[in-house]
Amino acid sequence: MHQGGAAGGEGAALKGQLWEAPSRGSRASCGRQGTWMAPGGVEWTVIVLTCQHKDSVCAFQKELEIRWRRGALGPHPLLLTVEDPAACVGSGGATLNALLVAAEHLSARVGCTVVTADVLREARILILHMGRDFPFDDCSRAFTCLPVEDPDAPAEALTCNLDSLLGTMTHQLCRGSPPGVWVCSTDMLLTIPLAAEICWEGFQGAKVISVPGSVSYARNHGIYLTNQQGFVRDIIYQGPVSRIQECAGPDGKVPLVCGVVFFSSETAEQLLSTHVIPPLDACTYLGLDSGAQSIQLSLFFDIVLCMADGVTEEDFVTGRTREVGSGHTKEVAALRSARSVLWKALHAIPLSMVCIPDGCYDYMTMAASDHIHNLTLRTSSVNALSFRKVAHSHIDQPQLLEDGCSVTNSLLEGAVRVESGSVLQHCHLQGPLQIGSGCLLTGLDVSSSPALQRCRLRDVVLQGHAIRLRDVLRQVFTVTGRHDDWQSPAGEAGTYLNVPWAEFFHRTGIREGDLWGSEVPRRSRCLLNARLFPVLHAAEPLGVQDVLRFLGSQEGEGLGQWRASWRMSWEQLLMCLDQEVELASRRALFFRQAQGKLRGVLLEHRDCSLLPLIRTAVNEGYQEAMLSTLDQVASVTADPGVAARALACIADVLGCMAKGDGGLRSGPAANREWAPAFQQLERGNIAEGVKALAKERRKWLGRPALLVRAARHYEGAEQILIRQAVMSACRFISVGPEEPPPVGHWVLVECPARIDVSGGWSDTPPITYEHGGAVVDIAILVDGRRPIGARARRIAEPELRLVSASGALEGEVVLELVCQDLEDLQDYCQPHAPGALLKAAFICTQIVTLASQKPLQAQLLECFGGGFEVHSWSSLPHGSGLGTSSILAGAVMAALYRAAGKSANAESLIHAVLHLEQVLTTGGGWQDQVGGLVPGIKIGRSKALLPLKVEVEQIPVPEGFPQTLNQHLLLIYTGKTRLARNLLQDVLRNWYARLPVIVQNADALVSNAEQCARAFRQGNLPLLGECLTHYWHQKKCMAPGCEPLAVRLMMDALQPYVYGQSLAGAGGGGFLYILTKEPSQKDFIQQILANTEGLGNFSIHTVEVDTAGFSLQLVGSDPKARGDTE
């Protein structure tokens, strides 16, 4: 078996790195963003990452901390990165050392001054071994990037093999396991099906995880031999075929050793106890610091194997000594002694195995062909990770990427063709250039492009490396062949660039003595130690062209420059790699390509959520780059919808920068410091407005409270652009001339309420013009009357008299105002200001021009010979959910138009109300006025485009169906009121973030509306009830928190007696409407609810479908009289 690589560590006070995530109740420096973890996963007490080199510790510790801030490691783990206490302690020694370090820190956490094994009893510890160096990734196999994107992750980031294994261990393999220690190698690609279940009932001892593999694959790997009860009898490594076949199941597959083992708390205590017993103490930093000579132990063939019940003590203690060699008698004796200690401590512990039937395991070998194959062809396996052709990359011309290639974390500008079977990672290249098949390119920046354009690559591995020579950072390039073997002797079967060394020497003029000194024995000369790669030159700059020359014949000048360079072998380069710089470079490239993604998503109107990317940018310090890109997009676009979404994204960046502090995102946005920027936007100067916003923003970055307030103002700016987009509906307002009624004569308008039966929220700007909307509404009488109305008349005095009454159910509230100056109308855009709706109606009907130089009285006298008096009323409570404010706005505007000598039909009024609500800054949709101004049952629709136009279709229903519906529909006032504005802000924020659940829900709302229309056409009450039920779930998805507890209790009590039910409008309170299974159920429902505890004050009201719609009458000078209906 390929063992998990040498790894180890030591105490935090010495060379290892420690980081402790804040515990429950404490405050993390990155706020609440680090506490997310998908439900059902293990909550780790400690996560230990072991690595070979001490210079790597800081870099890898930082990577663990970044993953915690992304929310991938649970709420409060102890994170430890520990390095080998000495070279080649093996995966077994690394495990013992890591366990000791974890126990030390847990002991210190509970106040102990010495290590106590008691801390292991309830701990859940994960040890991840990074293993040996990997020639195809400078940061090891663990940090090899996979071509994977996870759209459900809370933070968008590169997926390394480490991330894949962390997810597999946390959410699949280890879920449900008891406290204990899991150990996992990172030198393999491991995929476990989501449905994998492991039975832990009655478990004791240790358990190894296996996946099935073929006999041919097992010849180069380890397999388990088990008995019928699932206990391990032996571990066979590279055994003969006949021995391997003994382990095969009915399907011919054998259980592979896949580098994962679990030790129960008791077993971990037993293992930990051995660290003080010589010679096992030499596997830990404590023993080495005490002067002990290090020994090498394998996790599986030393620690795990001794628990197998088919192995004898003699075979175990002496069985591997032949691997040590006859010339190292001290080492042989130490290994035998160590195995003897392990046998006595662990052999009595039961060792069981579980084989995951659909699991998939691929060891990451040293062969380039295998690595390229793993990254390009794993998608052919149903059990494999969901690999993509392009992951986290910005490609100018994606059509030039052939199927079967893989591009990850790269920026390809211009015409870059990549043939099948090639892999690009962490590259920024400019075309035109062509990458042939069988290539692996990593770490190449844009300066490499000219040399690559002159070279046709095929079957080569070309890499850029960051190395540090003392304090000098250099970039070095290496090139090898896909078929080269790193350790084959050059004088025998060894190759370089896929050809024998002799052929390479002949073609290039390079001599054997150029690569190996006389101190290197001929049989030891191989690619690994060949000094091929130029690092420094006294006079000439070095670049990728200096290794690409190897692919052709070396010219005299080129060969001379190569010989004059200080060169290194691959083996030497490994010791100089600066992994922290390399990881930072990958991160910087990720955010460069992410800026391209930002531009593409916004400018191409893609329904892709940018919030995960924004979270990552803020967590990793790239917020300024994101803000700059968003500013640029908002400035250059001619589409106000794109600009609005860009501003919403800026608000999200600022909100994330506050890290959960600073208060609620929803709040006022009218600070005077932001007014100049807002004024530019109001004038249509988007570019200047964005520039002014950015200038002001820089003053508000100092602390969380300021960041949140700045985010609110960006959402206020976004509302200005939404308003301008919705104003495009004004072109569908058609107002004709009409003989005005005499002075003093009233125009009376009465309107039904409405219930939204499906599709609500899809009518809300900007959803309605970015996604498209469809809403089914019913115009209704409540308790036999139209509950909403207005009347208007001209008066002789040049003033505006405003009277508003509302809330018969709650106790009527009457407001009276007189406006004699334009100043009295200035607060028309403040929804909660007295008479704001009536004031806005005068402005939107153009009876009053607020920007005019003429005083109000002069305007009224000149155009109308006097002023106006308008009364509005609603017998419905505030926040009823029955569309009151929008329908009332339609009634007021209809009355004012007619009183002023104009006429407008229902279609014009629908669009006029959209205009008014934007002027009023309430930002509503169109479904309410459609429901109250158009009679009967209808479906309104809007397309995903501007200008915004609402088209209404009356739904034909079977004869007598409205009467049937009247008998089955009831309204129940829940006694709860709600303010829709906060709900609206949350919904718009989530829509602009394009959260996948919100986008999918918008699709579902529209499709359910069309299904509901079909149910009405059929007169199908049960199907209509299903639509209501779906609709309520969709509302709750759109606006979580819209279902108060009392409403839930009420709905639960009514569930057996209704086909369907939903709160009207946005939810949160107001009216509940129900479709009863039996007709005429008012008294019965009253009794059911009266016997249900916890409901508070409620009332039940009858409903009738209003087949006439709103009415407009001229009633003379007596407001109580009835006149002619128009």
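Let me start with a definition: buried means under 20% relative accessible area, exposed means over 50%, and partly exposed is in between, with a 1.4 Å probe and protein chains only. By that scale Arg592, at 40% relative accessibility, counts as partly exposed.

Now the ground rules. This is a predicted model, where local features need pLDDT of at least 70, side-chain atom pairs count only at pLDDT 80 or more, and totals for chains, interfaces and linings use all residues. Residues are numbered from 1 along each chain as its sequence is written, and side-chain values use heavy atoms, with hydrogens and water left out.

Back to Arg592. Its place is in helix H18. Helices here are DSSP runs of H or I with at least four residues, strands are runs of E with at least two, and both are numbered from the N terminus. Arg592 and Asp639 are 47 residues apart in sequence. In space, their C-alpha atoms are 24 Å apart.

I count one when a side-chain nitrogen of Lys or Arg is within 4 Å of a carboxyl oxygen of Asp or Glu. How many salt bridges does a search of the whole structure find? The search gives 54.

Take Arg587 and Glu63. Their closest N and O atoms are 2.5 Å apart, and they form a salt bridge. The pair links distant parts of the chain. Arg587 sits in H18, residues 579-603, and Glu63 in helix H1, residues 57-70. That is 524 residues apart. Are the two partners buried or exposed? Arg587 is buried, at 14% relative accessible area. Glu63 is buried too, at 4%. Both also belong to a network of salt bridges, which links Glu63, Arg67, Arg70, Asp163, Arg587 and Glu620.

Next, the cavities. On a 1 Å grid over the protein atoms alone, a cavity is a set of points where a 1.4 Å probe fits but cannot get out, and lining residues have an atom within 4 Å of a point. Grid points are joined across faces, edges and corners, and a volume is the space filled by probe spheres set on the points. The whole structure has seven cavities of 30 Å³ or more. The largest cavity holds about 150 Å³ of space. Fifteen residues line it, and the closest to its centre are Glu63, Arg70, Leu158, Arg586 and Arg587. Which elements give two or more residues to this lining? They are H1 and H18. H18 gives the largest share, five residues. By class, the lining has eight nonpolar, one polar and six charged residues. Nonpolar here covers Ala, Val, Leu, Ile, Met, Phe, Trp, Tyr, Cys and Pro; charged covers Asp, Glu, Lys and Arg; the others, Gly among them, are polar.

Two further salt bridges. Arg994 and Asp607 meet at 2.9 Å, N to O. Arg994 lies in the loop between helix H32 (980-992) and helix H33 (996-1018), and Asp607 in the loop between H18 and helix H19 (611-619), so the pair ties together parts that are 387 residues apart in sequence. Arg994 is buried at 4%. Asp607 is partly exposed at 43%.

Then Glu682 and Arg723, at 2.7 Å, N to O. Glu682 is in helix H22 (residues 675-682) and Arg723 in helix H24 (residues 704-726), so this bridge ties together parts that are 41 residues apart in sequence. Glu682 is partly exposed at 43%, while Arg723 is buried at 13%.

On to helix H13, residues 501-508. Its buried residues are Trp501, Phe504, Phe505 and Thr508. The face turned away from the buried side carries the exposed residues Ala502 and His506. Just after H13, Gly509 takes a positive phi of about 85°. Trp501 has a relative accessible area of 1%. Trp501 and Cys526 are 25 residues apart in sequence, and 9.6 Å apart in space, C-alpha to C-alpha.

Last, the annotations. UniProt positions are in the numbering used here, feature names are shortened, and annotations may be inferred rather than shown by experiment. An unreviewed UniProt entry gives "domain: GHMP kinase N-terminal" for residues 860-930. That span is 55% helix and 15% strand, with end C-alpha atoms 31 Å apart. For "domain: GHMP kinase C-terminal", UniProt, again unreviewed, lists residues 1014-1090. There the chain is 55% helix and 16% strand, and the end C-alpha atoms are 35 Å apart.

Key:
1 Å grid on protein atoms, 1.4 Å probe; cavity = no way out; pocket = protein on both sides within 12 Å on 5 of 7 lines; lining within 4 Å.
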